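Dear colleague,

Please find the structure below, handed over for your records. My findings follow directly after it.

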Amino acid sequence: METTTLAPEQMKEADPFIAAFERFDQERNEPAWLTGLRKRGMERFAEIGFPTIRDEDWRFTNVAPIAKLPFQPVTEPGAVTVPLKQFNFMQLECTRLVFIDGHYAPKLSTILPQPKGVRISNLAAVLAEDAPLVQKHLGQHARVDQNTFVALNTAYFTDGAFVHVPAGQIVEKPVHLLFLSTSQERGSASHPRTLVIAERGSRLTLIESHVSAVQGEYFTNAVTEFVIGEHAVVEHCKLQDESPQAYHIATQQMDLGKACNFISHSFATGAKLSRNNIYTHLGGEHIECVLNGLYLTKDDQLADHYMIVEHASPHCNSHEYFNGILDDRSKGVFHGRILVRQIAQKTDAKQTNKNLLLSDNATADTKPQLEIYADDVKCTHGATIGQLNKDSIFYLRARGIGLETARQMLIHSFAGEIIDRIRCEPVREELDQVIWDRLEENPHVGGSAGV
Amino acid sequence: MLEIRNLHAGVEGRDILKGVDLTINAGEVHAVMGPNGSGKSTLAAILAGREGYDVRQGEVLYNGVDLLEMDPEERAREGVFLAFQYPVEIPGVNSTYFLKAALNEIRKHKGLPELDAMEFLSLVKEKMKILELREDFLKRPVNAGFSGGEKKRNEIFQMAVLEPKLAILDETDSGLDIDALKTVAEGVNRLKKPDNAQLIITHYQRLLNYIVPDVVHVLFDGRIVRSGTRELALELEEKGYDWIVKHEAVPA
């Protein structure tokens, strides 16, 4: 639980954010509802500040380094000094919105022709219009009291994506959101905010990648809200490949409607510290929801996945699969809470978290949590932390496959279990290649250490 | 082909094999029978090179070379094959990918060119028929979600593809129903050639109704206490291992 009384040092750290807010807000000249929303965000942030490891939800992830960063909102996009095509998914034929340091770059973006009523745009452009749909949804799903970083994002976001797929419409090609950081300045922060509305019976594949053109100690604080209608089929794939010095906090709030099919993938390979908060609310019957993720960490990286899967309706299935491959002194954190409301009978909820340690100094903290108020449900969870399975290695060697190759095959397969769940084929192939390349780069994958 | 001489071995300080002698020539099928805890699986594991066993005395020569000095993958490349009692499930490793990698390692070792995807596929399709395996089998991850019978058939299928010189079948019959047992046994029989050999490790006689051994050995308390023809297996079946226990003092 988050505390409501701020310790003095928390107060001090939150101060610059609070002090700068009034001016930020005044300069923006926005409609009253949005100003009100931002103010509520700032008030909430001022009230709770940054979490500490005394907060149960942040026990394994210390965000003090973020709190100690100088306050540096990026007011305009930096220069892009590297070719964009070096980044993942840039060869993919798709609609693409590019954001540089949180600011929309229309010249670098491509919006393919879309079926009637489909709107894919940057959020700021939609906010500049009369936007009742945005007003109705923005901040209503990822609410400011969800966590402190949502509050901060709500106060300070400047742009992000807006995707609206009306009922029955199909967005054929994936939509790719590229968030590129270019700032080397310590503490420079961007707060991208994205709203995705996929109405009844619509189809959408959304890719979100967070990358960096520089080595920088910057801070990304992203929030994405999904409103998924009845029978909609939505696939979301997030790649967090930030600079190795960067801090990345992201929150995805999914409000899922009756009989929709929603799958979300989270791949974390970058950042010094990353935390992905995933909140799913299953608010209709017969929902199929899969949360799937892979984290690869090395050096002193920390990758944290925190999720709450809330079954608030009967007859829904949810499954979380998260695998971590941890090297050097790095750390993986998994916190998965399945909450089954009393009304949610016939829930089938499963959760697995598997961690592969490639070094003796790597650590994994895993915290599965079941909170069940209904009596006719199937809920399971399992977590493993360990090294490569010796029996598997022997089996492969006993067929003539050498030790190093056997190890590589098993590590790849550990990642492959997760990658294979990506339904969009070009995305799956590309991520397969990304993960393969990252593993090949790792001397401990090919070497003989660890077994 | 295989000469085991006075093999003493154990695990974690416990003696399991207490002086095993066994010679297998090319073209022969040998069966090693014994009750639980007699050391059957330890013998199979040591021959295949599983870690964790201490060999305290004796030697194992494979075509005149010290087998125990070789890594498991070297043994496999030299033609030693273990059909596992408990085949390992490896989710995420595709069966085709796995078997092609294994076959090509062995071919490379023999100085043969590696097979490409098409050549490999036509080879395995032919071998799959022997074991009556379904077409989708190759697309699945290695043993993942397979039934007990499928796993055992998969072992013999791999044996058919890799064409070992010395195949060790560790309790391949356990957990098989009679139809699966026949299929597996027929597969094994079809793979028998004058230049290869098979070592069948089993608790029960029933597999030997279908795979007829040239020699039957009884392993008891870490030693081969009797060797004989197929009739020995039948006698064991009839009289039970107690019969051997009572006569254990009589040297084989």
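B:Glu163 is placed in the loop between H5 and strand S9 (166–170) of chain B; helices (H or I, at least four residues) and strands (E, at least two) are DSSP runs, numbered from the N terminus. This is a predicted model, in which local features need pLDDT of at least 70 and side-chain atom pairs count only at pLDDT 80 or more, while totals for chains, interfaces and linings use all residues. Residues are numbered from 1 along each chain as its sequence is written, chains are lettered from A and ligands numbered from 1 in the order in which they are written, and side-chain values use heavy atoms, with hydrogens and water left out.

Most residues other than glycine have a negative phi. B:Glu163, however, has a positive phi near 45°. B:Glu163 is partly exposed, with a relative accessible area of 42%; buried means under 20% relative accessible area, exposed over 50%, and partly exposed in between (1.4 Å probe, protein chains only). A:Phe89, also not a glycine, has a positive phi of about 70°. A:Phe89 lies in the loop between strand S1 (72–73) and strand S2 (95–100) of chain A and is buried, with a relative accessible area of 0%.

**Interface of chains A and B**

The contact (heavy atoms within 4.5 Å) takes 32 residues from chain B and 17 residues from chain A. The buried area is about 2,000 Å², of which carbon and sulfur atoms give 64%; this is the accessible area (1.4 Å probe) that two parts lose on being put together, summed over both. Across the interface there are 5 salt bridges, each a side-chain nitrogen of Lys or Arg within 4 Å of a carboxyl oxygen of Asp or Glu. B:Glu155 and A:Arg399 meet in a salt bridge through their side chains, at 2.7 Å, N to O. On the side of chain B that touches chain A, the elements that give two or more residues are helix H2 (72–77), S6, S7, helix H3 (95–109) and helix H5 (148–162) of chain B. The largest share of that side, 6 residues, comes from H3(B).

**Aromatic pairs**

Over all chains, the structure holds 22 aromatic pairs. Rings of Phe, Tyr and Trp (its six-membered ring) pair if their centres lie within 6.5 Å; planes under 30 degrees apart count as stacked, over 60 as edge-to-face and the rest as tilted. The ring centres of A:Phe149 and A:Phe219 are 6.2 Å apart and the planes stand at 75°, so this pair is edge-to-face. Because A:Phe149 lies in helix H6 (residues 148–156) and A:Phe219 in strand S10 (residues 219–228) of chain A, the pair ties together parts that are 70 residues apart in sequence. Both A:Phe149 and A:Phe219 are buried.

A:Tyr395 and B:Phe84 also form an edge-to-face pair, 4.8 Å centre to centre with 65° between the planes. A:Tyr395 belongs to helix H7 (residues 390–397) of chain A and B:Phe84 to the loop between strand S6 (80–83) and strand S7 (90–94) of chain B, so the pair joins two chains. A:Tyr395 and B:Phe84 are both buried.

**A buried histidine**

A:His335 is found in strand S18 (residues 331–340) of chain A. A:His335 is buried, with a relative accessible area of 5%. Neighbours within four places in sequence aside, the residues in contact with A:His335 include A:Asp57, A:His305 and A:Lys367.

With kind regards
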